[in-house]
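The sequence and structure come first, and the notes follow.

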Number of protein chains: 8
Amino acid sequence: MNPEHRLDLERADRVGMGEALLCSHKSAEQIAAILEAAHAAKASLLLTRLERGMLQQLPAATRGALDYDPVSRTAYFGSPSPLTEVPAVLIVTGGTSDVPVAREASRTLAFYGQSARALYDVGVAGLHRVLALQDELAAAPVIIAVAGFEGALFSVLGGLVKGVLIAVPTSVGLGVAAGGAVALNAALGSCAPGILTVNIDNGFGAACAALRVVSAHTLAAKKMRVLG
Amino acid sequence: MNPEHRLDLERADRVGMGEALLCSHKSAEQIAAILEAAHAAKASLLLTRLERGMLQQLPAATRGALDYDPVSRTAYFGSPSPLTEVPAVLIVTGGTSDVPVAREASRTLAFYGQSARALYDVGVAGLHRVLALQDELAAAPVIIAVAGFEGALFSVLGGLVKGVLIAVPTSVGLGVAAGGAVALNAALGSCAPGILTVNIDNGFGAACAALRVVSAHTLAAKKMRVLG
Amino acid sequence: MNPEHRLDLERADRVGMGEALLCSHKSAEQIAAILEAAHAAKASLLLTRLERGMLQQLPAATRGALDYDPVSRTAYFGSPSPLTEVPAVLIVTGGTSDVPVAREASRTLAFYGQSARALYDVGVAGLHRVLALQDELAAAPVIIAVAGFEGALFSVLGGLVKGVLIAVPTSVGLGVAAGGAVALNAALGSCAPGILTVNIDNGFGAACAALRVVSAHTLAAKKMRVLG
Amino acid sequence: MNPEHRLDLERADRVGMGEALLCSHKSAEQIAAILEAAHAAKASLLLTRLERGMLQQLPAATRGALDYDPVSRTAYFGSPSPLTEVPAVLIVTGGTSDVPVAREASRTLAFYGQSARALYDVGVAGLHRVLALQDELAAAPVIIAVAGFEGALFSVLGGLVKGVLIAVPTSVGLGVAAGGAVALNAALGSCAPGILTVNIDNGFGAACAALRVVSAHTLAAKKMRVLG
Amino acid sequence: MNPEHRLDLERADRVGMGEALLCSHKSAEQIAAILEAAHAAKASLLLTRLERGMLQQLPAATRGALDYDPVSRTAYFGSPSPLTEVPAVLIVTGGTSDVPVAREASRTLAFYGQSARALYDVGVAGLHRVLALQDELAAAPVIIAVAGFEGALFSVLGGLVKGVLIAVPTSVGLGVAAGGAVALNAALGSCAPGILTVNIDNGFGAACAALRVVSAHTLAAKKMRVLG
Amino acid sequence: MNPEHRLDLERADRVGMGEALLCSHKSAEQIAAILEAAHAAKASLLLTRLERGMLQQLPAATRGALDYDPVSRTAYFGSPSPLTEVPAVLIVTGGTSDVPVAREASRTLAFYGQSARALYDVGVAGLHRVLALQDELAAAPVIIAVAGFEGALFSVLGGLVKGVLIAVPTSVGLGVAAGGAVALNAALGSCAPGILTVNIDNGFGAACAALRVVSAHTLAAKKMRVLG
Amino acid sequence: MNPEHRLDLERADRVGMGEALLCSHKSAEQIAAILEAAHAAKASLLLTRLERGMLQQLPAATRGALDYDPVSRTAYFGSPSPLTEVPAVLIVTGGTSDVPVAREASRTLAFYGQSARALYDVGVAGLHRVLALQDELAAAPVIIAVAGFEGALFSVLGGLVKGVLIAVPTSVGLGVAAGGAVALNAALGSCAPGILTVNIDNGFGAACAALRVVSAHTLAAKKMRVLG
Amino acid sequence: MNPEHRLDLERADRVGMGEALLCSHKSAEQIAAILEAAHAAKASLLLTRLERGMLQQLPAATRGALDYDPVSRTAYFGSPSPLTEVPAVLIVTGGTSDVPVAREASRTLAFYGQSARALYDVGVAGLHRVLALQDELAAAPVIIAVAGFEGALFSVLGGLVKGVLIAVPTSVGLGVAAGGAVALNAALGSCAPGILTVNIDNGFGAACAALRVVSAHTLAAKKMRVLG
């Protein structure tokens, strides 16, 4: 038996962002081995879902090479890309409990060079808080909305803005709403038109999708030139 | 084998509203027999979920004795109670498709003597429609909110009003939101405080609950006198 | 990136009770920061779902400012409102295991100034215990019924009383009934008319709804005057 | 390819009741062929879930040989066993809509020679109806309780009687309670001790189980003699 | 607020077995208080789901008064009833992992005075093990079958025996079968006639049901005399 | 009772596309009334989920004013916007059965003025069909991928392209995959980064989201100018 | 917009069996067009899930070219492959209602040239029927077991035979077992080792898998030669 | 009460592989007792799901007799069978997190004497990694494919190879895909023909099924001889 590990180093060329390392479900040995391989290939790597307990289990040298953020449980291995000046992405959360997921999104964007702006506690139970931000919301090309419970924020935003709206349902909630399925289904089943959804707690995925919107602009411009 | 049917004729004394006849799951023979028994007992009866097809199968005499409303699929057998002058209950719907359930509620209230006011198409995808009604909503002692899809209306109202808020999730919706479970869970899992919920499409139950709020006032007043 | 936290200080004016702080899903840092903000704004605050372990992690000064009840996992920050003399709300539980949820309800009511009376162990497996209390149950303007397992208590009460009946399904139960979904669905799907439901284990929400019934009385009286 | 059909003619010797023919999921050709085989083997057969529409599709001769009951959708092919004089089984239903399932139980008992007594409309929403029957319920060796919606009847009976209590949840119900899962889970998750459950709408299975209780008496008596 | 605890001391007279104390979901304080009340009322009490960790938290005196069995997590408080000589109940398990549930059943039976016989490892993956026991199985008036995974044991037994067959699905299983829902549904949906089911892991409930079968014999004999 | 219907005529200004009329769950009377109101307001309207049977029930005049497409069950009321020349959106389907949903997307895009290109039968069971189109897929700024069954197409595309990838899971599938939940969860739970999802069968929503991506370009350009 | 349909004509070379046409979810127009394309490409085609009603809607010429079997709802378009002499596959069903799915399997095998033997009514409720066939079962290289309800047949066979065991759960069942999920989970969660499963009612898939086992023999022999 | 444990020592003769000991759900006492019984019967035994913590609780002598692999949580008690020279089975994983399940499969194969080859990180998000292995995949008589998340790997392989394809969905995944149900349903609901599935994380079961394919070859050859 001779298994071989295989890094996907050309992913950035193919889909616009490099491979990231999801640390949940992996052992410390596996994570250390993959970082070693990335080091050998001179690749930078974003690590997600890296619990503090797991971080402690990594070899000291490996640990020292990581720029770790405990709130979002992300780490940078190697240098992130240089940041854009104008933030194209606006991240809003329903409540304080959604902040870790929001930060996973902003840390991912930053690693791949995209700056973002964040607004917390924009829950619909106090609708005036949403309405006070209406102009800023309407001007954002891409909004990543992060909310748990019943996810009503997604529909309220969906009826107020023209930009791309990416809903990130979170597992924050009680009783029937615990785990995030209610917020997820609220995003999918919203009566507001054109809301897009990613998996529960998937701040990383929302950021990748936002990066695709930026890629889309470049691709569209190229297409115009070809056909124009 | 000698089964016996048993009407619950003292229900009005006990819980404040007389027995109602749920027609779904019953045969035409069963419905006719129960109405005959009610007739013999000189009891008025509210019929719910009476499909037009089932109405046609009832004996002509029975059918003639019914005041039938096809939108709500309700019928009155015997005379409803006299209406109160001031409507204590406000019924709002998210969309046009929720009207049958809203009318089941208003017809039930009317049968038991309680007048109501209804406002349709107050969906959150066009938030200005909710905001335009803010004063009327805030003045209502009891609101029955009827909505399907993701049920964001419940949370938006829950953050705007002081009165009793009874959410009636409807089965109106597409994909994951079909059948009403998403709207139901949105009401239960809302981040707005003190929202009350009844079963999916249960306009009848919401009306009965509203009637209990009215009873509560009388009971509270009585209690004050006893203790005062 | 410049996120801002936003307290909803006008909620009491809008919906009749001040903002409460749900402590589950929040870090000790977040809770302490919010209490500091409330202190700065001279606001009282009800804390719910505050586990003892989390309480220990709060700064000593913050901890000292809290009136903590370990059974209900609630804490008062600042002074609660003065209590009403006559208890309008009756809280009943099916069993001893439902007491923590019942106490979350009574502590919430007390924080917002509403006194309540509680009766425990009124389970339907010993029906005589329910029947012995029939007069007291019938006289209560608002009953908060707290039960897990199969939630049969809700239906039995629903057929016995005229007042507002708020069902709080609890997560207490075994096998298929563990987690509270069976009790929840029993409340929603009851054959007794006009039962209202809140989320599983949501003693806080039930209390807020009971406070809305009291608000409804005031609103109804105002409406009468306007129209009368 | 040479498939062979196989009747289980010795089932009565093995488990105490002969094979029955479940007609749903079968074509008219299959039903007719099986009845022909039973005829050839001089076997009596109970048919269940035989819809009237399917009955019409059977060959006239076959149809003529059946004693059909449209309410329970059962038919007798050949002679049923002679009835016992004393009914050991009491069948109660929560409501009128549960009658078809109750009759499937009583028709099955009758086919296998066991008489039964039935009481309808014993729903807990009008608890006095249950209490009025308390003595008769307490004296019954075996109760088959048939109820839909939230199935609270099972728990109420479970706390009142000593005999064997077989719950038959029915698919009668609305919203979350449609289809019978709530009533089923209420029976399984009841706080009353020793309730036994069969599948949703399974009047046939409940009757077979009641027949097993009778067999148990004979087996126990035999055992006593062997050991005594 | 003046809550009162209420023991159900007449349960034995009403339903044939005394109240039992379910220890899961209760605090050590609550358990100790209830045992004290039972002591004051000179009542014996069966305790179920008493984890060893919880046992350690009870006051030493209380702990000393308990006859504790760690496998079944049951304890006797006070004296159990004297045992019958002939075991009317046969308990079989599919595998070794089902033993704790089987012992909860046998300990419950023993507490209420009913002796039982147990056979372990009768899984259908080695069918010869079932067939070797065929005579003993066929002679048992009541079988409690305890099995997890896919619960095929229930159907195999259901086709082999005449006695009362009580299925206890266990939470033992992997992947889709973890938690016991598959075994439960297998018992409910079995093609074998007249299988009865209790909740997942509910050895206590199965034993109570078996006790009801014994009560049924007495009730049936009484009925015969009355009518004979 | 005086309900009022409310059209959301300013939606195009707010969110970039005008209100659309979802015809499922509405009666012919309701649809006709809304079209009349749109006519009075000189508004164009896109109708979705308009079954042929419902079309027949509309008044002849109304019916005549509709440009109906039976495959997608959409209709245009009034004139659609003029089409863009270069198609920014590429629509691909896994199989022939997904075509109706794909056409709902293309008809929606066309109504709001956006041209699109469609490629059918790009299922992964014949991977060469995907690979043959690799260049065209890589050049598309926005791909709407429409697939049922296990939705593997979404992941395969997600690993091949840089553009925005909008997954539309369809209800096409058998057994566990019937209804679309498996395809939906495959899109949400994909190991490929940045896939966005809409509700099951929601071709309309996917098109609206694609339109938002176009709006995002305009908004981003505006932002650049403001800040540049 | 210029969509193109794409047949997968090289599938036989790649995976060992040609493309089949699943007719559910397709319109008559789509089916006719695909058959026309197959005709043009001189390809034979197996059609599955072709309801009789749909067959009637096909053009007469197309219909005439089909060899249709109404029980299995399959049709042959073009000539099937010549049959093997020795049947390597044994198909067994739990009951008569499982025959349509069993025939879908045997018709699929026959179309691709593999003969099979079928045995019906081998349900475990009459275990002697299984035991009587034990030798034949043990000698079969591949068994396709078709069963609904609780699927106990899979486990019983899994403990008796050495060959490949392919479980096909069917949607045949009542109550909780309706739709096939219980039988499916029983196959997946079986305590017998090495049972393989396909989707609910997927006789076609089971046959394709059996064909893969035959391919595996050829591949294994080739491998031996290469390495030997 | 006299329970007896029963080992199934003839399983190897009956189904082709000896009994294995599943250690989850068992106590250290039970495991030790079974190993003692196996020792007495001179039987080798494969242990699965043996957590390191449980290993530590076993008596030192027992522990010393085990060949333990921490990654797969398997142990060999006694000698495994001698290995075949040519590996008939190819094991592939979607990602690094699936390795423990893949190793459970390879360790099981090895214990029963079948060698295998393993390839890791063949995920479809980097499709080129699958395509690079296409020849090796096509030549494998049996592939065990191990994947979590959305399980797209199963469909991609199903369209590329002729051999037996056994899907092992793993519990590796996030949000809706956590726990493995999505990957499982993807395998069952795949559009690729003839994919076979085992339970979630069931590497042991997949290996047993692969062993059955080898048995099938022998049985088929025997059959040929008998009939030839």
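A residue is called buried if its relative accessible area is under 20%, exposed if over 50%, and partly exposed in between (1.4 Å probe, protein chains only). Helices (H or I, at least four residues) and strands (E, at least two) are DSSP runs, numbered from the N terminus. By these rules, strand 7 (residues 142-147) of chain A is mostly covered, with six of its six residues buried.

This is a predicted model, in which local features need pLDDT of at least 70 and side-chain atom pairs count only at pLDDT 80 or more, while totals for chains, interfaces and linings use all residues. Residues are numbered from 1 along each chain as its sequence is written, chains are lettered from A and ligands numbered from 1 in the order in which they are written, and side-chain values use heavy atoms, with hydrogens and water left out.

- Two strands pair if DSSP finds at least two bridges between them.
- Strand 5 (residues 89-93) of chain A runs parallel to strand 7 of chain A and is joined to it by five bridges. Within strand 7 of chain A, A:Ile144 stands opposite A:Ile91.
- Strand 8 of chain A also runs parallel to strand 7 of chain A, with six bridges between them. A:Ala145 has A:Ala167 in strand 8 of chain A as its bridge partner.

**Interface of chain A and chain F**

- Contact means heavy atoms within 4.5 Å. It involves 46 residues from chain A and 46 residues from chain F.
- Buried area is the accessible area (1.4 Å probe) that two parts lose on being put together, summed over both. Between chain A and chain F it is about 3,800 Å², and carbon and sulfur atoms give 65% of this.
- On the chain A side, the residues that lose the most area to chain F are A:Lys162, A:Leu188 and A:Arg212, together 19% of what that side buries.
- The elements of chain A that give two or more residues to the side touching chain F are helix 1 (11-15), helix 7 (134-139), strand 8 (164-169), helix 9 (181-188), strand 9 (196-197) and helix 10 (203-227). Helix 10 of chain A gives the most, with 14 residues.
- By class, this side of chain A has 29 nonpolar, eleven polar and six charged residues. Ala, Val, Leu, Ile, Met, Phe, Trp, Tyr, Cys and Pro count as nonpolar, Asp, Glu, Lys and Arg as charged, and the others, Gly among them, as polar.
- A salt bridge is a side-chain nitrogen of Lys or Arg within 4 Å of a carboxyl oxygen of Asp or Glu.

**Interface of chain B and chain C**

- Here 46 residues of chain B are in contact with 46 residues of chain C.
- The buried area is about 3,900 Å², with 65% from carbon and sulfur atoms.
- Between chain B and chain C there are zero salt bridges and 18 residue pairs in polar contact (both at pLDDT 80 or more).
- Helix 10 of chain B supplies the largest share of the side of chain B that touches chain C, 14 residues.
- Helix 9 (residues 181-188) of chain B is mostly covered, with six of its eight residues buried. These are B:Val182, B:Ala183, B:Leu184, B:Ala186, B:Ala187 and B:Leu188.

**Salt bridges**

- Over all chains, the structure holds 56 salt bridges.
- C:Arg11 and C:Asp8 form a salt bridge (3.1 Å, N to O), and both are buried.
- D:Asp8 and D:Arg14 form a salt bridge, with their closest N and O atoms 3.0 Å apart. D:Asp8 counts as buried because its relative accessibility is 1%, and D:Arg14 because its own is 18%.
- D:Arg107 and D:Asp67 form a salt bridge (3.8 Å, N to O). D:Arg107 lies in helix 5 (residues 99-111) of chain D and D:Asp67 in strand 3 (residues 66-69) of chain D, so the pair ties together parts that are 40 residues apart in sequence.
- D:Arg107 is buried at 11% relative accessibility, whereas D:Asp67 is partly exposed at 39%.
- In chain A, salt bridges that share partners join A:Asp8, A:Arg11 and A:Arg14 into one network.

Terms used: A polar contact is a pair of N or O atoms within 3.5 Å; within protein, one must be able to donate a hydrogen and the other to accept it, and residues adjacent in sequence count only if both atoms are side-chain atoms.
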